[in-house]
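Please open the model in your viewer and keep the sequence panel beside it. The stops below go from one selection to the next.

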Amino acid sequence: MKPTLFVLAAGMGSRYGGLKQLDGLGPNGETIMDYSIFDAIRGGFGKIVFVIRKDFEDDFRHKILCKYENHIPVEIVFQSLDKLPEGFTCPADRTKPWGTNHAVLMGKEVIKEPFAVINADDFYGRDSFEVLGKELTGAGGGKNDYCMVGFRVGNTLSESGSVARGVCGVDNDGYLTTVVERTAIECINGEIQFTDENGKKNVLNENTPVSMNMWGFTPDYFDYSEEYFKDFLRQNMDNLKSEYFIPLMVNELVTQKIARVKVLDTTSKWFGVTYAADRQGVVDKIQALVDAGEYPEKLF
């Protein structure tokens, strides 16, 4: 059974200004997402599902979906504030989306096979899709055995400023023990460092695995997510900024010993447009990969 790629594309990209999912960065106007889809097809994925907001469906179908239709089956699901479990109503003054794991829940009705989750606006690289596709293809009908791609932190930095990353703890068997969100990670005088909640400087080895929101799940993950989301809503309904994130759910399942998450190493270098100033660097990096023969000049 071929795994499905689930692309989180409902965000607006507030820091970047505009719909960065639709920004053409490749030599023929390709988006970052186009490269992910191309790599996923090469990596053995059999279907793509996008979660988007209803209000840019026309734009998305016109600019994005039509490219893939002859290459791989595609489906769209929608994330909206009022898509909540029975018995819950969205507060009238809430404008912020419910977060990445709420977006994942939107795929429950259309995804029945092992699946990967990625961000639309991150360039993950060919090797990461190969590694993840191979792991998920072997997942079969198993339950409670998940995986994630652990990027080496040194391969995920931005030249334009500091970054936030989920720094992973891994046991001797290669399974995730914790994901701790660390902000303001940057390379200073040759050292990759961040300041923790106590104001203490911490140095990270360049090969420390970090989460770039590239996960592998089996469909039972939807059921856990739905149940936990109800608890989350009971506790956070009045907090208009609260968000239900994937690492929150994963941490819960790992610490409760309900599921385990294998951390997959990759040599891929991540890059993305976190800041508007990153854009030209991304254009140059993609062109360099095309020049090196990693990708064709025109993808689709």
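Buried here means under 20% relative accessible area, exposed means over 50%, and partly exposed lies in between, with a 1.4 Å probe and protein chains only. Helices (H or I, at least four residues) and strands (E, at least two) are DSSP runs, numbered from the N terminus. This is a predicted model, in which local features need pLDDT of at least 70 and side-chain atom pairs count only at pLDDT 80 or more, while totals for chains, interfaces and linings use all residues. Residues are numbered from 1 along each chain as its sequence is written, and side-chain values use heavy atoms, with hydrogens and water left out.

Select strand β4, residues 115-119: five of its five residues are buried, so the strand is largely enclosed by the rest of the structure. Phe-115, Val-117 and Asn-119 point one way from β4, whereas Ala-116 and Ile-118 point the other way. In a regular strand the side chains alternate between the two faces of the sheet.

Leu-8 stands opposite Asn-119 in β4.

Finally, go to Asn-144, in the loop between α4 (126-137) and β6 (145-152). Asn-144 also has a positive phi, near 65°, but is partly exposed, at 24%.

Definitions and conventions
Two strands pair if DSSP finds at least two bridges between them.
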